[in-house]
Amino acid sequence: MTVVTGVTCPVCGTFCDDIELVVKDNVITDVRNACAMGAAKFLNYSTHRNLRPLVRKNGELVEASIDEAVKRAAEILVDATYPILYGWSNTSCEAIRVGVELTEEVGGVIDNTSTVCHGPSVLSIQDVGIASCTLGQLRHRADLIFYWASNPWSAHPRHIERYTMFSEGRFQKSAWRGYLSRLGGIMSRKRLRRAANLVLRRDVFATPEVERRLPYSMFQKKRKMVVVDVRNTRTAEAADYFLQVEPNKDYELLQAFRMLIRDEELDVSEVAGVPVEILEEVADVMVGCELGILFFGVGLTMSEGKLRNVDAALNLTRDLNSHTKFLIMPMRGHFNVTGADVVFAWQTGYPYAIDFSHGYPRYNPGETSVIDILCRDEADASLIIASDPVAHFPQKAAQNLVKKPLIAIDPEVTPTTLMADVVFPSAFVGIEAHGTAYRMDHVPLPLKKIVEPPKTCLPDTEILQRILHKVRKLRREQN
Amino acid sequence: MITLYPKRLFKVPVEAECICPDVFAEKSAKEIATLQIWEGNRKRTLGDLFKIKHETDSPTEEFTIRICGDVSKVRKIGAKMSMGNIIVEGDADMHLGEEMKGGIITVTGNADSWTGSMMKNGTIEIKGNAGDYIGASYRGSTQGMSGGKIIIHGNAGYEVGCFMRKGLIKVHGDIGRFAGIHMRDGTIFIQGNSEGRAGAQMINGKIVVCGYIPSILPTFTIDDIRPKVKVNEENVEGPFYRFVGDLADGGDGKLFVSKTKNPHLSSYEEYL
């Protein structure tokens, strides 16, 4: 039995690097420090997986040798006039680099999962610019934390504990004691209510009126957390203040904050369902903080307004910096989606939705982004790696994707691998293969190899290199 | 006059920047057939994909290119043109008349997104509907349309006139959200309804909405009620509420909204 320390967790964008794994006979038997998502992956990753490459013959997926699968995949890509290569956010930067090379070779379109999450943020950052930082800085210094349209309690479980409210920083103390006492209060109130209802047989605490004024803790000189969301989430319950915004009205709310920070008056009494007096109080707290951070999630990028919501958030941060220090950071989802953007950008100049069909990189999301290409039914082949678009893309896009030849590289059995024509079972990067990934704040960290993969499961990098090699050979023969 | 007939239905995007009067002028049909275009990642010639018919021009007529057939996957038609006419009988794909400097493009069907993006002069007339980013800028650029006229007889999509600097966009139908976002100058006239957020982050220029608009952004302030408004030498009868914004960006753009079609905006009158 060995204990491996300092393992990075290949699940969410928080990319925790303090995981400890107990390994016995090439099997992970225990996980320490990880959240439920991380522990579940480390302990159960090998439960449902393909062990052999598969090739579709007469409508059936049948087992094949790796060389046969590579040959079939290379033929599909060489014959295609407009192939798409999509996924990349759940694999290592080394594999992504080979992927860009392969796309250039076959004259295709390469896109990563940013296109369905923070793609609009990237567009806005190109328009406006971003005042950002690393998470370590926030852990030690941030005294006002905004989570806007994101729910880290469920999606990035250790984000609050490691970097914001409940982390013990050098200059800012953890706020977990305050949270526990508040939670105690809520629990006692619930217990009291249940008991009273049982005794009196009626609801004595009829739905209390929502308290909209800011609580006293918001004006204290200590770490504070504000959640802005359309619904009450677990993160919102842990926050000092929860600002409920009407669905699809984030743009109006952000722009109204910008007005208040510029000392302009609003001609309306409420914005996005929030009275202007409350907005004024929140704006005061924003201006009065020492170092504020606005984390925004997919609720902002994928609701009405998309990149313009992020435009407004970035501009708000910029405006706030004329009064205090304020920063902003997107809550990236997959553990290496930031890495996919970074590698694409240093290889091609563009972060996602890159079209190599003319031999050089071109970029125009809306035209060269995978969902738009698929909805217009323009692609004639596709390679999907470390992603499951059949399960997650809009119906029309998924239908058009499976109509054409499809190559899937994935360690797991997913709807995409079931619909594919060629399937490569790969090794789990970060567990069975090493590499590099970028945390949500653009800090590169190593992915460790903990156990040996099954002999037939190659790392993504090697599978892609073999396909690239075969593609080059076929093209040479053609010419 | 040159007439182009597509030889087959295109499935992958075709990029035909060469379909432009400046390129075709003084070339024979044979020479035109050798011009290079892209079909997906394959290099083709115009003659591979189109049947080209050359008809002698009458000396008084301007040089004209007519396209008959389905070119709904052909991009960049008339890009960078500076003279002559293009008539598309059917639908056209994205980037129609991109960066055009003069001439006239007429589309009898629909046009897709980025029509007339970064155009400097000339006229584009779409008889059907148009997509998003009409008269806008390239991604990441702040140089939108800087002159000319775009007339859309049907509906238009989102972010029409993004970063527009000069010129006129006229939409006879309805328009999507964020019309005139980041607008620096110029005029957008909307005969139909707007989905809202018109004039977001505009610095200057004029947007006229003759139909219904669900709400005005909180960053606009009411300025006046006007009986009529001037759109490119034409007077449009109102009355119109006149809003000024976008104040969050220190803008001084004018947003005219029909008073009769928007009774829900009457609460603004108390600030006058």
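Q: What ipTM and pTM does the predictor give the complex?
A: For this predicted model, the ipTM is 0.93 and the pTM is 0.92.

Q: And chain B, what does its pLDDT average?
A: Chain B averages a pLDDT of 93, and 99% of the residues score at least 70.

Q: Where in chain B is confidence lowest, and where is it highest?
A: Confidence is lowest in helix 2 of chain B (residues 29-33), with a mean of 90. The highest value, 96, belongs to strand 10 of chain B (residues 123-126).

Q: Turning to the interface, how many residues of chain A are in contact with chain B?
A: There are 28 residues of chain A in contact with 25 residues of chain B.

Q: Which helix of chain A gives the most to that side?
A: Helix 10 of chain A does, with six residues. Helix 4 (119-128) and helix 10 (250-261) of chain A each supply at least two residues there.

Q: What is the make-up of that side by class?
A: The side of chain A that touches chain B has 10 nonpolar, eight polar and 10 charged residues.

Q: How is chain A divided into domains?
A: Domain 1 covers 50-117 + 335-478, and domain 2 covers 119-330. Taken over C-alpha atoms, the centres of domain 1 and domain 2 of chain A are separated by 37 Å.

Q: How many residues are in contact between domain 1 and domain 2 of chain A?
A: In chain A, 11 residues of domain 1 are in contact with nine residues of domain 2. The domain 1 side of this contact divides into six nonpolar, three polar and two charged residues.

Q: Which residues have the most contacts inside the largest nonpolar core?
A: They are Leu77(A), Phe146(A), Trp148(A) and Ala313(A), in a core of 150 residues. This core draws at least three residues from each of domain 1 and domain 2 of chain A. A second, separate core has 79 residues, including Ile2(B), Met145(B), Ile181(B) and Val209(B).

Q: What is Ala313(A) in contact with, leaving aside neighbours within four places in sequence?
A: Its contacts are Trp148(A), Leu254(A), Leu294(A), Phe296(A), Leu300(A) and Ile328(A).

Q: Now helix 3 of chain A: how far does it reach from first C-alpha to last?
A: Helix 3 of chain A (residues 93-106) has 14 residues and reaches 20 Å, close to the 20 Å expected at 1.5 Å a residue.

Q: How many of its residues are buried?
A: In helix 3 of chain A, 10 of the 14 residues are buried, and the helix is mostly covered. Among the buried residues are Cys93(A), Glu94(A), Ile96(A) and Thr103(A).

Q: What follows helix 3 of chain A?
A: Gly107(A) follows helix 3, and its phi is positive, near 65 degrees.

Q: Back to chain B. Why does Asn262(B) count as buried?
A: Asn262(B) counts as buried because it has 20 C-beta neighbours inside 10 Å, and 20 or more is the cut-off for that class. Asn262(B) is placed in the segment after strand 17 (253-258) of chain B. Leaving aside neighbours within four places in sequence, Asn262(B) is in contact with Tyr212(B), Ile213(B) and Val257(B).

Q: And why does Val244(B) count as partly exposed?
A: Val244(B) counts as partly exposed because it has 17 C-beta neighbours inside 10 Å, which lies between the cut-offs of 12 or fewer for exposed and 20 or more for buried. Val244(B) is in strand 16 (residues 234-245) of chain B.

Conventions
Residues numbered from 1 in each chain as written. Chains lettered and ligands numbered in written order. Predicted model: local features only at pLDDT ≥ 70, side-chain atom pairs only at ≥ 80, totals over all residues. Helix = DSSP H or I, 4+ residues; strand = E, 2+ residues; numbered from the N terminus. Core = buried A, V, L, I, M, F, W, Y, C linked by C-beta atoms within 7 Å. Domains from an automatic or database assignment. Contact = placed C-beta atoms within 7 Å. Nonpolar A, V, L, I, M, F, W, Y, C, P; charged D, E, K, R; others polar. Expected span 1.5 Å × (residues − 1). pLDDT = per-residue confidence, 0-100.
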